[in-house]
Amino acid sequence: MKERQRKKHRKNQDGRQLQCRISQGTIRDLNNRTVFGNSVLCAQFLRDYADIALLKDVQPEDIEDVSRKYQAYLGISFETDTVKKIRIRPAGAEEEESIPLYLISLVEHKSQVDYNVSMQLLRYMICIWTEYGKEIERRGEGRSSNKSFKYPPILPIVYYEGADKWTADLHLKDRIMMSGIFSDYLPDFTYKLVRNHDYSNEELLDKKDEMSLLMMINKVQTPEDMENFLNSQRDKVERIVRNAPEHILEIICSAIWSLCMKMNVPQEEAELCVEKVRERQMGYWFENVKMDIQAERRKAEEACREAEERVRQAEKRAEKMVEELAEKKAEELAEKREKEAKIEMIVFLCQEYGDTKEAAIMKMMQKCGFSRAEAEKKADVYWKE
């Protein structure tokens, strides 16, 4: 009895602590700067997806986040952009012979493609190179005006989470008019595009790291995506969560919370999901969330049917309005023609029986309610000289 009470007390206490973390914002919708701002996750991303041999062994300690510096330099702030300074050592080079590589990562989590990313990347690149030259001069290590001076390499990457195809141009020159004619005089570069929907869940899990798990979670945008997630290789997901460092586990919890909110999971259930992940019990997801997904699918289908019915009803109302308007127009036209025939008949009979034009005008004013000017105008039309 006492043991049950202790368990109940501990559960209530854990629930209050979780609610406190939510209210304080330690559990929140996942900001992609949090992901790419983490050196461990950034190193995993570069090793797995940059496809550059020099970065295959990059470690977290080789990466320095300098985002704020360059956003301050630009005088703007992009919430999902990060700039990293990475120490790389060419093959055979000594520790002191490392050179800086700058990484610019733009995160496009919207389904709508931003067609100006190449220009945004160029602004960052100019800032990085300008500041680098000034820094070298401040340290007395050379001058950018010297022949021997070299600027550091920059790797621009766009990470795209949208389900739609990425249709923006990959080259800067394609954003410039008459680039074919002036190609020799224009700056140009391409960027590395990493689209998480280009990778299956199996391919992501084969990387066996937390970054790939986060990419898999971020792929979920529909109930079907969620079902695919739940049908993925459970043992691999559990192993990644079980071995994740505490600070990475918190980011995974935030990703799960964001996913729950995206899928309209009730808050109480979402809190429990997050707590189970924090306890490294991903099995809870695979065993208990499936029914919620089926319910979400049914709700989505019902909402779709309701929307289609509303469209049909709106179309019927529109058709009825068109018919009524056509009938009204026809009645107005018939009435107008009838009135015009009456006017013509008055003028004709006046002329036929020898009445004057003035008599026809007076009769139109009496019979049709015309002003004198209106009656004179009609008499001019139908009186035959």
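Strand E4 (residues 154-160) is largely enclosed by the rest of the structure, because seven of its seven residues are buried. Buried means under 20% relative accessible area, exposed over 50%, and partly exposed in between, with a 1.4 Å probe and protein chains only. This is a predicted model: local features need pLDDT of at least 70, side-chain atom pairs count only at pLDDT 80 or more, and totals for chains, interfaces and linings use all residues. Residues are numbered from 1 along each chain as its sequence is written, and side-chain values use heavy atoms, with hydrogens and water left out.

**The sheet**
- Five strands form an open sheet of mixed pairing, in the order E1-E2-E3-E4-E5.
- Strands (E, at least two residues) and helices (H or I, at least four) are DSSP runs, numbered from the N terminus.
- Two strands pair if DSSP finds at least two bridges between them.
- The edge strands, E1 (63-65) and E5 (192-195), each pair on one side only.
- From one strand to the next, the twist averages 25 degrees; axes are lines fitted to C-alpha atoms, for helices over the stretch in contact, and angles run from 0 to 180 degrees between N-to-C directions.

**Strand pairings**
- Strands E2 (residues 82-88) and E3 (residues 99-108) run antiparallel, joined by seven bridges. Ile86 has Leu101 in E3 as its bridge partner.
- Seven bridges pair E3 with E4 in the parallel sense.
- Val158 has Leu193 in E5 as its bridge partner.

**The two sides of E4**
- In a regular strand the side chains alternate between the two faces of the sheet.
- Ile154, Pro156, Val158 and Tyr160 point one way from E4, while Leu155, Ile157 and Tyr159 point the other way.

**Aromatic rings**
- The whole structure holds 10 aromatic pairs. Rings of Phe, Tyr and Trp (its six-membered ring) pair if their centres lie within 6.5 Å; planes under 30 degrees apart count as stacked, over 60 as edge-to-face and the rest as tilted.
- Phe36 and Tyr159 form a tilted pair, 5.4 Å centre to centre with 55 degrees between the planes. Phe36 is in helix H2 (residues 32-36) and Tyr159 in strand E4, 123 residues apart. Both are buried.
- Phe36, Phe45, Tyr49, Tyr159 and Tyr199 form one aromatic cluster.
- Lys207 lies over the face of Tyr49, 5.5 Å from the ring centre. A charge sits over a ring if NZ of Lys or CZ of Arg is within 6 Å of the ring centre and within 35 degrees of the ring normal.
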